[in-house]
There are 2 protein chains.
Amino acid sequence: MSSTIQKRAARKTPAERAAEIAEAAREIALEQGLSAITLRNVAARVGVASGLVAHYQPNVEALVAGIFATIVAAETEEVAGLLERLPTPLEQLGMLLETLMDGSRLDVTAIWVEAWTLGRRNEALAACVREQMDAWQAVVQRVVEAGIDAGEFETSDAPSVAWQILGMVDGLNAQALVRWDGVSDRGTHLARAVEGMVGAARGSLLPGGVPRTGPIPSPDS
Amino acid sequence: MSSTIQKRAARKTPAERAAEIAEAAREIALEQGLSAITLRNVAARVGVASGLVAHYQPNVEALVAGIFATIVAAETEEVAGLLERLPTPLEQLGMLLETLMDGSRLDVTAIWVEAWTLGRRNEALAACVREQMDAWQAVVQRVVEAGIDAGEFETSDAPSVAWQILGMVDGLNAQALVRWDGVSDRGTHLARAVEGMVGAARGSLLPGGVPRTGPIPSPDS
DNA sequence: GTTCTTGTTGATCGCGTGATCAATAAGAAG
DNA sequence: CTTCTTATTGATCACGCGATCAACAAGAAC
């Protein structure tokens, strides 16, 4: 009864400690949701007194908002980075849909959904949500516009189409949060819907995509 | 200082009182969200002691789940009722999208979004959410299948398409919860996307729809 | 007018929350 | 070794939550 207990946490640089706290809060958010970010919860994970966590933030609302921004911005940048490697907007959009629908980011989806609700009572968080939505929309819009310029897409309203694509992806992912079964080929149906919106050829957005431009007859149905 | 205060609430039938409590909880949910349904909150609105509210339910979780089901089921039935009046599946689907996207049900959308999150920690609520999602999906699937039978739609997987349409609608409405601006012609873009999914002619799902079957050239873009 | 069922009260418990701050001690600076 | 800055503690406050239950009284039944 002596090895694991330690009376007092080691003294650290404010920057170090702040990073520790942020990391702990991030993990809690991904595992248990944003509303599980409490002074005592975070403090316990860091192994520190609750007062210390409070000492590093003006208030918990700000901490929650900041962690939300951290998590979501990281995802946006990651996906945006993946896009840059692909040559054509068609491939980029196809990869975008495929990546966002592959179910590997459901924890982030849960964060989004919770943030939409929490934003009603946490103004700082609401501002972050709007900001991050704008960032996402900008990424998608860039792809759509590139596609228009390249003659691959045909739509007169790239900003709205970008919002629309985002909304669809979010909704379908939120749905997957509750219901896994029932929907087969989520990616395929979504791809077909987006093809309809951007005026791309049928099947051109599917995984085994179309390397060269031009309409390709869809296999079936 | 005498007229408005009343010492004790009038004695009522259990059925009456239960209805009062349910109605109060429903109003609170629509105005402030499901998480604002608390014993004291509901009791205050009814004008009754908090203990009485607890007396009429096994626990608050059950009350929240029940109110969610009440609100959402009412919406489903209302929309399903509207569908019955229209003759063709094409018109039905068009009206469905138009109705769900007109912004008049944002309070119910907020309930849905909150329920997705709360369902993580309220098993009774989670069960209700799945049940109500299934009910919605059934309504949409019926329309899609009718459209296939009538030769207006062409898709091999009506259940999945129904889920997909629901997901899109939910996502776009959730988006509208946070961001009103930025997206013009939400309904138009969605209609185009759904047309792509169900294999309907371009523009056939738009408000000023197409009375007779057959492809119609889109106005522009 | 009396009795009795039962709808209703409100105080109480334990819990978790955010926030605050005087007291402490670690560890760098001298 | 001593000094001093400051990271850290932990007790404390007021609050709101769900739940419980003995006590009360309204009003129907007799």
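Predicted model: local features only at pLDDT ≥ 70, side-chain atom pairs only at ≥ 80, totals over all residues.
Helices here are DSSP runs of H or I with at least four residues, numbered from the N terminus, and the expected span of a helix is 1.5 Å times one less than its number of residues. Residues are numbered from 1 along each chain as its sequence is written, while chains are lettered from A and ligands numbered from 1 in the order in which they are written.

Let us stay with helix 5 of chain A for a moment. Its buried residues (20 or more other C-beta atoms within 10 Å of their own, with C-beta atoms placed from the backbone) are Pro89(A), Leu90(A), Gln92(A), Leu93(A), Gly94(A), Leu96(A), Leu97(A) and Leu100(A). What covers them includes helix 4 (60-84), helix 7 (123-149), helix 8 (158-178) and helix 9 (186-198) of chain A. In chain B, the buried residues of helix 5 include Pro89(B), Leu93(B) and Leu100(B), and the buried residues of that helix pack against helix 4, helix 7, helix 8 and helix 9 of chain B.

Now step back to the core. A nonpolar core is a set of buried Ala, Val, Leu, Ile, Met, Phe, Trp, Tyr and Cys residues joined through C-beta atoms within 7 Å. The largest one has 115 residues, and those with the most contacts inside it are Phe68(A), Val194(A), Phe68(B) and Val194(B). Two residues are in contact if their C-beta atoms, placed from the backbone, lie within 7 Å. Leaving aside neighbours within four places in sequence, Phe68(A) touches Leu34(A), Ile111(A), Ala115(A), Leu125(A) and Cys128(A).

How do the two chains relate? Superposed by least squares on the C-alpha atoms of residues with pLDDT of at least 70 in both, chain B can be laid on chain A with an RMSD of 0.1 Å by a turn of 180 degrees and a shift of 0.0 Å along the axis. The two copies are therefore related as by a two-fold rotation axis. Within chain B, Gly171(B) comes closest to that axis, with its C-alpha at 1.7 Å.

Where the chains meet, 43 residues of chain B are in contact with 42 residues of chain A. On the chain B side, helix 6 (106-118), helix 7, helix 8 and helix 9 each give two or more residues, and helix 8 has the largest share, with 15 residues. That side divides into 18 nonpolar, 15 polar and 10 charged residues, where Ala, Val, Leu, Ile, Met, Phe, Trp, Tyr, Cys and Pro count as nonpolar, Asp, Glu, Lys and Arg as charged, and the others, Gly among them, as polar.

Finally, turn to the DNA. A residue is near a strand if its C-beta atom, placed from the backbone, lies within 6 Å of it. DNA strand C is surrounded by 24 residues, the closest being Thr38(A), Gly51(A), Asn59(A), Ala9(B) and Gly51(B). Helix 3 of chain B gives the most to this surface, with four residues. Around DNA strand D there are 24 residues, of which Ala9(A), Gly51(A), Thr38(B), Gly51(B) and Asn59(B) come nearest. Here helix 3 of chain A gives the most, with four residues.

Conventions: Buried ≥ 20, exposed ≤ 12 C-beta atoms within 10 Å, placed from the backbone.
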